[in-house]
Structure formats: structure tokens, C-alpha cells
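Trainee: Could we go through this model slowly, so that each label is set against the rule behind it?

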Amino acid sequence: MAKGGNVRVTITLECTSCTQDSVDQKLPGISRYTTRKNRSNTSSRLELNKFCPYCYKHTIHGEIK
């Protein structure tokens, strides 16, 4: 039988190297991906190497809230 509860959660991955110029501050991470992870197996924050269309290269995308 399957375990109850929400073991798999949807997370958002954001580019850590590119920045977006705002009015008076720099906002990190223009490129974003969504994926799912198993909360019981991977309790720490996830970091994957994904393609960023704004940097035109593969960069590290980290999990955000």
C-alpha cells in the first residue's frame, strides 16, 4: 500500500548566476524551472545544472521557496 501524506512536492529552480536590473536593486534569477522531488529522500535544497536562456550556457539552478 502507498504511504499517506504529501511525499512528493513541486519545487521551483532558479538560476543563481544571472541577475535582472530593477529600479534600485538587483533581483537574482531570471530563468526558472519547475520540477518535483521526494521530500523523504532529498530533505536538503536541490541544485541542478540546467540551461539558462538569458546567460546562454548551462548554470546551477537552486531551489527557492
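Mentor: Let us begin with the word strand, which here means a DSSP run of E with at least two residues, numbered from the N terminus. Please keep in mind throughout that this is a predicted model.

Trainee: Why is Thr34 called exposed?

Mentor: The relative accessibility of Thr34 is 61%, and exposed means over 50%, so Thr34 counts as exposed. Leaving aside neighbours within four places in sequence, Thr34 is in contact with Ile11 and Thr12. The C-alpha atoms of Thr34 and Thr12 are separated by 4.5 Å, although these two residues are 22 residues apart along the chain.

Trainee: And why is Glu63 called buried?

Mentor: Glu63, whose place is in strand β6, residues 57-64, has a relative accessible area of 16%; buried means under 20%, and therefore Glu63 is buried. Not counting residues up to four places away in sequence, Glu63 touches several residues, among them Ile11, Lys37 and Arg45.

Trainee: How do you know that the side chains of Glu63 and Lys37 make a polar contact?

Mentor: The distance given for that polar contact is 3.1 Å, and the cut-off asks for N or O atoms within 3.5 Å, with one able to donate a hydrogen and the other to accept it.

Trainee: How many disulfides does the structure hold?

Mentor: The structure holds zero disulfides. Cys15 is in no disulfide, since the nearest cysteine sulfur, that of Cys18, is 3.5 Å away, whereas a disulfide needs two sulfur atoms within 2.5 Å.

Trainee: Why is the sulfur of Cys55 too far from the closest cysteine sulfur for a bond?

Mentor: The closest cysteine sulfur, in Cys52, is 3.6 Å from the sulfur of Cys55, and because the limit is 2.5 Å, this is too far for a bond. As for accessibility, Cys55 has a relative accessible area of 22%, which lies between the limits of 20% and 50%, so Cys55 is partly exposed. Cys15, by contrast, counts as buried at 2%.

Trainee: What about Tyr56, and where does Tyr56 lie?

Mentor: Tyr56 lies in the loop between β5, residues 47-52, and β6. Its relative accessible area is 67%, and because exposed means over 50%, Tyr56 is exposed. Tyr56 also has a positive phi of about 60 degrees, although it is not a glycine.

Trainee: Finally, what makes Lys50 a residue that lies over the face of Tyr33?

Mentor: Lys50 is at 4.8 Å from the ring centre of Tyr33, and the rule asks for NZ of Lys within 6 Å of the ring centre and within 35 degrees of the ring normal. Aromatic pairs are another matter, for the structure holds zero of them.

Terms used
Residues are numbered from 1 along each chain as its sequence is written. This is a predicted model: local features need pLDDT of at least 70, side-chain atom pairs count only at pLDDT 80 or more; totals for chains, interfaces and linings use all residues. Side-chain values use heavy atoms; hydrogens and water are left out. Rings of Phe, Tyr and Trp (its six-membered ring) pair if their centres lie within 6.5 Å; planes under 30 degrees apart count as stacked, over 60 as edge-to-face and the rest as tilted. Helices (H or I, at least four residues) and strands (E, at least two) are DSSP runs, numbered from the N terminus. Buried means under 20% relative accessible area, exposed over 50%, partly exposed in between (1.4 Å probe, protein chains only). Contact means heavy atoms within 4.5 Å.
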